[in-house]
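Try each task before reading its solution.

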Amino acid sequence: MWRYGMGMGEPRMTMATRAVLTALIAKPADEHYGLEISDAAGLAPGSIYPILIRLEQCGWLESRWEDIDTHEEGRPKRRYYRLSQKGAQSASAALAKAAGRRRRKPSALRPEGSAE
Amino acid sequence: MTERAAQTRSGGLSAERLLLGFMKVAAEDFQKRYDRFPDPTEWLEEVNCNVFLPGPVSLPVLETVLDSTAGRAAFPLGIGSVGIQIPDRRIRSAERKISLALLFFPAVERAHYRAEFTAEMDEMNHSAASQFAANVLLKAPISGIHMRTAKIFGRQAT
């Protein structure tokens with residue numbers, strides 16, 4: 001059973017959030033567990049949970065428990081995350097917007113009238 | 001003697017748990033002294049050294065207790081395999097960090113996240129698990145704030 005977020009607002013696009021979203025957008029239909037996401041995003045394992053929680057609250061992520069027999073597999077059930085439909089659309093737009101902002105920043109710091 | 005005591009006590013259940021407790025203590029003591037897991041014979045000797053045990057235990061009794069539901073839960077690898085899996089100091093430290101981190105989370109979410117973190121740590125080696133738990137602990141206050149603000153105000157804190 002997928003757990004949907006509460007559909008609140010838009011998350012702050014910090015560098016770590018962008019890294020997580022970029023990792024998820026690379027394979028938007030796939031499910032990933034926490035360790036996979038932190039590996040793909042190049043972030044320290046265990047440090048991405050505030051981001052996952054925030055993205056889930058915004059409705060950009062869906063999560064579900066893995067459906068396995070723990071005795072047969074010999075390991076506990078993992079929690080899998082994937083981008084929701086809303087998340088896939090909004091994340092691409094938010095990442096593009098954030099990239100645009102970053103590109104504009106250096107020129108904004110230049111004194112007025114200075115040559116390009 | 002212990003077998004008889006085990007059989008006479010309340011259907012064997014509490015005696016079984018008592019023996020499991022002795023076995024766990026014996027295994028932990030052995031590991032502290034020799035820095036390795038005891039083999040079955042050493043384990044049996046160690047259990048029988050316990051002064052609180054009413055009498056000596058035999059290997060078949062140990063095997064029977066280990067084969068019970070509680071025994072399999074406490075010692076999943078049993079007596080004849082590579083040894084007893086006792087969480088080492090780094091694993092215990094990781095578990096403590098996770099428990100501490102979960103205090104920042106709303107009570108209703110704790111079980112869910114404990115299961116999630118445990119599953120993540122399951123495939124890591126001890127030092128990686130300890131590092132993972134440290135990162136979870138470091139980020140736990142902000143995770144807790146996100147969860148609580150969403151619940152209280154129905155919107156995200158920015």
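**Exercise 1.** Which residues of α3(A) are buried?

*Solution.* This is a predicted model, in which local features need pLDDT of at least 70, side-chain atom pairs count only at pLDDT 80 or more, and totals for chains, interfaces and linings use all residues. Residues are numbered from 1 along each chain as its sequence is written, chains are lettered from A and ligands numbered from 1 in the order in which they are written, and side-chain values use heavy atoms, leaving out hydrogens and water.

Start with the cut-off: buried means under 20% relative accessible area (1.4 Å probe, protein chains only). Those that pass are A:Tyr49, A:Pro50, A:Ile51, A:Leu52, A:Ile53, A:Arg54, A:Leu55, A:Glu56, A:Gln57 and A:Cys58. That is 10 of the 10 residues, so α3(A) is largely enclosed by the rest of the structure.

**Exercise 2.** Describe how α3(A) packs against α7(B).

*Solution.* First, take the geometry: α3 (residues 49–58) of chain A and α7 (residues 107–122) of chain B pack at about 130 degrees, with axes 14 Å apart. That makes the pair oblique. Next, the handedness: the crossing is right-handed. Finally, list the contact (heavy atoms within 4.5 Å): A:Tyr49, A:Ile53 and A:Glu56 meet B:Tyr113, B:Glu116, B:Phe117 and B:Glu120.

Definitions and conventions
Axes fitted to C-alpha atoms, helices over the stretch in contact; angles between N-to-C directions. Helix = DSSP H or I, 4+ residues; strand = E, 2+ residues; numbered from the N terminus. Parallel < 35°, antiparallel > 145°, perpendicular 65-115°, else oblique. Left-handed = near helix turned anticlockwise from the far one by under 90°. Buried < 20%, exposed > 50% of the residue type's maximum accessible area, 1.4 Å probe, protein only.
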